[in-house]
Amino acid sequence: MSEESEDHETNAFDVRLADIRAAVMLRESGSMSFEASIETALAEVAAEMKVGRSDVIRLALNEWLAMRQRAPLE
């Protein structure tokens, strides 16, 4: 295995680890605030789906993590 290949694998691992850490931090924070436009969008989506705001955030994080796991790293 070449040094360049090892560096790419290390960088890919670091990116994945950073993604997971960020998602865990967001998911575990009980109360978070966003810009007004995002809060409005969250409220609208939550009302449309008939779920709570935190459920919308949780769903979005789960989808984001799933998408990141499938996406190839450059």
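A salt bridge is taken here as a side-chain nitrogen of Lys or Arg lying within 4 Å of a carboxyl oxygen of Asp or Glu. Under this criterion, the structure, which is a predicted model, contains 2 salt bridges.

One of these salt bridges joins Glu39 to Arg53, with the closest N and O atoms 3.0 Å apart. The pair connects distant parts of the chain, since Glu39 belongs to helix 2 (residues 36-49) and Arg53 to helix 3 (residues 53-70), 14 residues apart. Glu39 has a relative accessibility of 23% and is therefore classed as partly exposed, a class that lies between the limits of 20% and 50%. Arg53 is likewise partly exposed because its relative accessibility is 29%.

The other salt bridge is formed by the side chains of Asp55 and Arg58, with an N to O distance of 2.9 Å. Both residues are located in helix 3, where a separation of 3 residues corresponds to about one turn of the helix. In general, an α-helix has 3.6 residues a turn, so residues three or four places apart point the same way. With a relative accessible area of 36%, Asp55 is partly exposed. Arg58, at 32% relative accessibility, also counts as partly exposed.

The geometry of helix 2 was examined next. At 1.5 Å a residue, its 14 residues should span 20 Å, and the end C-alpha atoms are 20 Å apart, so the two values agree. Just after helix 2, Lys50 adopts a positive phi of about 60°.

A nonpolar patch on the surface is made up of Val45, Met49, Val51 and Leu59, which together present about 290 Å² of accessible area. Among these residues, Leu59 is situated in helix 3. Leu59 has a relative accessible area of 39% and is therefore partly exposed.

Confidence was also considered along the chain. The mean pLDDT of the protein chain is 79, and 76% of its residues reach 70 or more. Helix 2 has the highest confidence, at a mean of 94, whereas helix 1 (residues 3-28) has the lowest, at a mean of 71. Where pLDDT is low, the predicted coordinates should not be read in detail.

Definitions and conventions
Residues are numbered from 1 along each chain as its sequence is written. This is a predicted model: local features need pLDDT of at least 70, side-chain atom pairs count only at pLDDT 80 or more; totals for chains, interfaces and linings use all residues. Side-chain values use heavy atoms; hydrogens and water are left out. Helices (H or I, at least four residues) and strands (E, at least two) are DSSP runs, numbered from the N terminus. Buried means under 20% relative accessible area, exposed over 50%, partly exposed in between (1.4 Å probe, protein chains only). The expected span of a helix is 1.5 Å times one less than its number of residues. Patches are made of residues with over 30% relative accessible area and no salt bridge: like charges are joined within 9 Å, nonpolar side chains (Val, Leu, Ile, Met, Phe, Trp, Tyr) within 5 Å. Accessible areas come from the Shrake-Rupley method with a 1.4 Å probe; for residues, only the protein chains shown count as cover. pLDDT is the predictor's confidence in each residue, from 0 to 100.
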